[in-house]
Amino acid sequence: MKDFLNKIICGDCIKVLGKVNEPFADLIFADPPFNIGYKYDRYNDNLKKEKYIAWTKEWMAACKKVLKPAGSFYIAIGDDYAANVRIIGDKIGLHLRNWIIWHYSFGQHTKQKFARSHTHIFYFVNDEKKFTFNDFAVRIPSGRQLIYSDKRANSKGRIPDDVWAEFSRVCGTFKERQGWHPCQMPENLLQRIIAVSSNPGDCVLDPFSGSGTTAAAARRLGRNFAGIEISKVYVRQSIKRLESLKKQKSQNLFLDIKELNELKRLSVDMNLPAQRIAGDKTLLNLFVNQLSVRLNTQKKLDTQSVLPVLMDCKIDDNSKK
Ligand SMILES: C[S@@+](CC[C@H](N)C(=O)[O-])C[C@H]1O[C@@H](n2cnc3c(N)ncnc32)[C@H](O)[C@@H]1O
């Protein structure tokens, strides 16, 4: 277990995890190749259907073996094999909590059929009664609060729906984009999963680490990570990506780095331009209130300390280079 902690290991996840004898992961996020012919450095994304399904069973079982009893297991998958993943999950004893649809913008154009703009994300748990779900960490202001100013609204906001439309694909022009990997997940999407389904200090495993998005999100949120990736090139590059995160410090007098990250995460989750929130007193008050709920602290946040950061951040990660 110690061999894995806060490392990206180069290898085949089935073989690497096969050598582990005890469950160590509190949360697993897996984004395998979808078998749709993407060009990876070391993996052929064009297997015969039966072979791909057999391989999917193998890696899902290897992951389940290292998932702690109260652990959660998220799997991202495309249309072609979503039904298989759902059925394999049942067969190996996982319990489905949500079938999430990630509806993204900036999908690729098509000529003869509707353009693909979604990915399935299965949210499974090992034990249907015992699991981590930090609802306060993902709550957003409700329609009752935002639109109707309804006094009966829950002041803690609401849990987001199971269709996630607030995270765009990471396009080539985005600052967040690591140019050396063909299909990078948005870090904010991973942050939502990690914030809700793990606690600080927990271990988050990604068996298909790719550009290191899960590890980066885990590090930002104070979790441990364990990544496995078959390509040496991707491992080397993702380690560089993680090293640049170590140096992050807050330049703000009132908010520390954790509070700043949370502020950015909330502004993405609310799916409203930062300027719009900053320019509307009611929205700004709701934003500050929701930020306090998410941070779950006694510290009094006021609009005066939040406003300049909000004006400044313009949601860094999704902005253009
Ligand atoms: C869809 S990408 C993951 C992208 C990642 N979520 C990110 O945001 O960068 C799948 C990755 O799995 C890696 N891979 C394929 N087979 C593997 C295996 N058996 N073990 C470990 N990694 C593997 C590929 O090299 C590729 O980088």
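Trainee: Which residue in S8 is the bridge partner of Cys10?

Mentor: Glu229 is the partner of Cys10 in S8. Before we go on, this is a predicted model, where local features need pLDDT of at least 70, side-chain atom pairs count only at pLDDT 80 or more, and totals for chains, interfaces and linings use all residues. Residues are numbered from 1 along each chain as its sequence is written.

Trainee: How do you know that S1 and S8 pair?

Mentor: Two strands pair if DSSP finds at least two bridges between them. S1 and S8 are joined by 4 bridges and run parallel, so they pass that test. Strands here are DSSP runs of E, at least two residues long, while helices are runs of H or I with at least four, all numbered from the N terminus.

Trainee: What makes S1 and S6 edge strands?

Mentor: The open sheet has 8 strands in the order S1-S8-S7-S2-S3-S5-S4-S6, with mixed pairing. S1 (7–10) and S6 (163–164) each have a single partner strand, so one side of each lacks a neighbour in the sheet.

Trainee: Which strands does H7 touch?

Mentor: H7 (residues 232–246) packs on the sheet against S1 and S8, and its direction makes about 170° with that of S1. Contact means C-beta atoms, placed from the backbone, within 7 Å.

Trainee: Why is H6 called roughly parallel to H7?

Mentor: Their axes come within 10 Å and cross at roughly 15°. Axes are lines fitted to C-alpha atoms, for helices over the stretch in contact, with angles from 0 to 180 degrees between N-to-C directions. Under 35 degrees counts as roughly parallel, over 145 as roughly antiparallel, 65 to 115 as roughly perpendicular, and the rest as oblique. That's why H6 is roughly parallel to H7. From H6, the contact uses Ala215, Ala216, Arg219 and Arg220; H7 brings Ser238, Arg241, Leu242 and Leu245.

Trainee: And why are H2 and H3 oblique?

Mentor: H2 (residues 49–66) and H3 (residues 79–91) pack at about 40°, with axes 10 Å apart. That angle makes H2 oblique to H3.

Trainee: Which residues come nearest to the ligand?

Mentor: Of the 23 residues around the ligand, Met185, Phe208, Gly210, Ser211 and Thr213 come nearest. A residue is near if its C-beta atom, placed from the backbone, lies within 6 Å. H1 (13–18) and S8 (224–229) each supply at least two residues of that shell.

How values were computed
Two residues are in contact if their C-beta atoms, placed from the backbone, lie within 7 Å.
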